[in-house]
Amino acid sequence: MENYNPLVIENKWQSFFEKNQVFKTKKNLDKKFYCLEMFPYPSGNIHMGHVRNYTLGDIIANFKRLNGYNVLHPMGWDAFGLPAENAAIQNKLHPKEWTEKNISIMKTQLQRLGLSIDWDREVSTCNETYYKHQQNLFSFFYKKNLAYKKESYVNWDPIDQTVLANEQVIDGKGWRSGAVIEKKKLSQWFLNITKYSDELLQSLENLKGWPEKVKLMQKNWIGKSIGCEIDFLTNNERKIKIFTTRPDTIFGASFIAIAPDHPFTQFFENDENFLKFKNQALKNIAIESSLSKNEKLGFKTSYFVHHPFIKDKKMPIYVGNFILMDYGTGAIYGCPAHDQRDLEFALKYKLEVLPVVSPNKSQDIKIKDEAYVDDGFIINSDFLNDLSVKEAQKKIIKIIEDKKLGNSKTIYRLKDWGISRQRYWGCPIPILYREDGKIIPVPEKDLPVTLPEDIDFNKPGNPLESHPTWKYTKCPETGMKAIRETDTLDTFV
């Protein structure tokens, strides 16, 4: 919303509910409006956490009523998702039957608490009257190029046999199964949230009254990094593009490290030792938050790059288990004297450690077990010597651009949101793959695309993929044969 003023938001909601006849009388429409809603997961029985949350919500609802507000207090059920499917399989029930049974039990328990929930306004995310709108919204995103499909390495839970978002991986393990997450290459649907990276970052300034700790977490999650890209020429006449936020340390570079799935690995992809390293690295890499805890390991290739500013200096190329392909370019140059991770790696593999930043002009420093990461002045760096770090960064980026070795670059740590899952119990993605190769959204008039109920859970993998009839259909525009998308949307959608 373009304006975060509470009064503006309240007026917009008031207009929305008037338009959609949420309130039945003109008298009610003259009142101030307040909406309160939470979506519990229907696990089967409420617990004290539910009692606490809904009691607090009810207190707020009653307080608002006493202050002249017209309160909308509905109930919704977060009814789709992997846990419901797994529980249903274990109990030899259909996920729909399992979910509806749990909803009935929890509804009865919540009603006994005497809460002022309006049960006439109850919704469930697994009801087709609800997820029809979810599918319509997905189609809108697709037409606006905000939803797209690409092949990518994803977080794969080997026990739950599905993709997990980064937020569903805790310390390198699946949030539900506890299994060590692996990296697997799949064709997945994404929402293009990175398009809004800078807007999201700037909007944090408008969150008045929010705890600084929370805003800092959000800022780090978006992760804006200003630096430059540099092309390094390899000994087989290829270029490896790296991203760095510290181009001022270029003269202290002693190695290149690339991600296990970097395109350059095609030149040694059949090496058995590399394949063993790659499989282990992708299995343990999980997500960025776990990288700092893992031991830094590398696979030394037979390739090297030429240093762009030091004649005849060759730097070895390693594959590193701490490099992510989906951050920056999937490749870095290591400057061990001024990055602790690089230092640990260099000491392990006996690589050069050359200080190029000192707290004092023209004064060398010693590096042992701790990298120097503070501000200072450039040393051992030819034409950058005696410049401050900021001055050196500006100068080296200009030289890199003038020599056409690279360019300045701003990147974000925020990733596009992977939203598709290889499971049955979720909202079907309204996409058709036509026999002529064209991908089209299901027309709005044909929504919702509903789930088949005759599902066989005895076969491994996604039941929708192996269903004998459901996925086969025809294009409503041309009559051509078509196949439905068999992935479903993640419950978080």
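1. The pLDDT (the predictor's confidence in each residue, from 0 to 100) stays under 50 over residues 21-29. For that stretch the model has eleven contacts beyond four places in sequence; a contact means heavy atoms within 4.5 Å. The protein as a whole has a mean pLDDT of 89. In it, 92% of residues reach 70 or more. Residues 1-10 have pLDDT below 50. They too have contacts beyond near neighbours in sequence, eleven in the model.

2. Ground rules. This is a predicted model, in which local features need pLDDT of at least 70, side-chain atom pairs count only at pLDDT 80 or more, and totals for chains, interfaces and linings use all residues. Residues are numbered from 1 along each chain as its sequence is written, and side-chain values use heavy atoms, with hydrogens and water left out.

3. The open sheet. Four strands form an open sheet in the order β13-β14-β12-β15, with mixed pairing. Strands pair if DSSP finds at least two bridges between them. Strands (E, at least two residues) and helices (H or I, at least four) are DSSP runs, numbered from the N terminus. The edge strands are β13 and β15, each pairing on one side only. Neighbouring strands are turned by 30° against each other on average, direction ignored.

4. Strand β12 and its partners. Strand β12 covers residues 255-258. Four bridges join β12 to β15 (residues 331-334), and the two run antiparallel. Phe 255 has Gly 334 as its bridge partner in β15. Three bridges join β12 to β14 (residues 314-320), here in parallel. On that side, Ile 256 is bridged to Ile 317, and Ala 257 to Tyr 318.

5. Buried means under 20% relative accessible area, exposed over 50%, and partly exposed in between (1.4 Å probe, protein chains only). In a regular strand the side chains alternate between the two faces of the sheet.

6. A helix across the sheet. Helix α10 (residues 340-348) lies across β12, β13, β14 and β15. Its direction is at about 70° to β15. Axes are lines fitted to C-alpha atoms, for helices over the stretch in contact, and angles run from 0 to 180 degrees between N-to-C directions.

7. Aromatic rings. The whole structure holds 29 aromatic pairs. Rings of Phe, Tyr and Trp (its six-membered ring) pair if their centres lie within 6.5 Å; planes under 30 degrees apart count as stacked, over 60 as edge-to-face and the rest as tilted. Phe 274 and Phe 299 are tilted because their planes stand at 55°, with centres 5.6 Å apart. This pair links distant parts of the chain, 25 residues apart: Phe 274 is in helix α9 (residues 272-285), Phe 299 in strand β13 (residues 298-306). Phe 274 is buried at 1% relative accessible area. Phe 299 is buried too, at 14%.

8. Phe 345 and Tyr 349 form a tilted pair, 4.8 Å centre to centre, with 45° between the planes. Phe 345 is buried at 0% relative accessible area, whereas Tyr 349 is partly exposed at 24%. One aromatic cluster is formed by Phe 264, Phe 267, Phe 268, Phe 274, Phe 277, Phe 299 and Tyr 303.

9. Charges over rings. Which residue lies over the face of Tyr 327? Arg 413 does, at 4.5 Å from the ring centre. The charged end of Arg 484 sits over the ring of Trp 470, 5.8 Å from its centre. A charge sits over a ring if NZ of Lys or CZ of Arg is within 6 Å of the ring centre and within 35 degrees of the ring normal.

10. Backbone points to check. Most residues other than glycine have a negative phi, and most peptide bonds are trans. The peptide bond from Leu 447 to Pro 448 is cis, with omega near 5°. Pro 448 is in the loop between β23 (439-441) and β24 (472-474). Ser 362 has a positive phi, near 55°. Its loop runs between β16 (357-358) and β17 (377-378), and Ser 362 counts as exposed at 58% relative accessibility. Lys 404 has a positive phi of about 60°. Lys 404 lies in the loop between α11 (389-402) and β18 (406-412), and is exposed at 70% relative accessible area.
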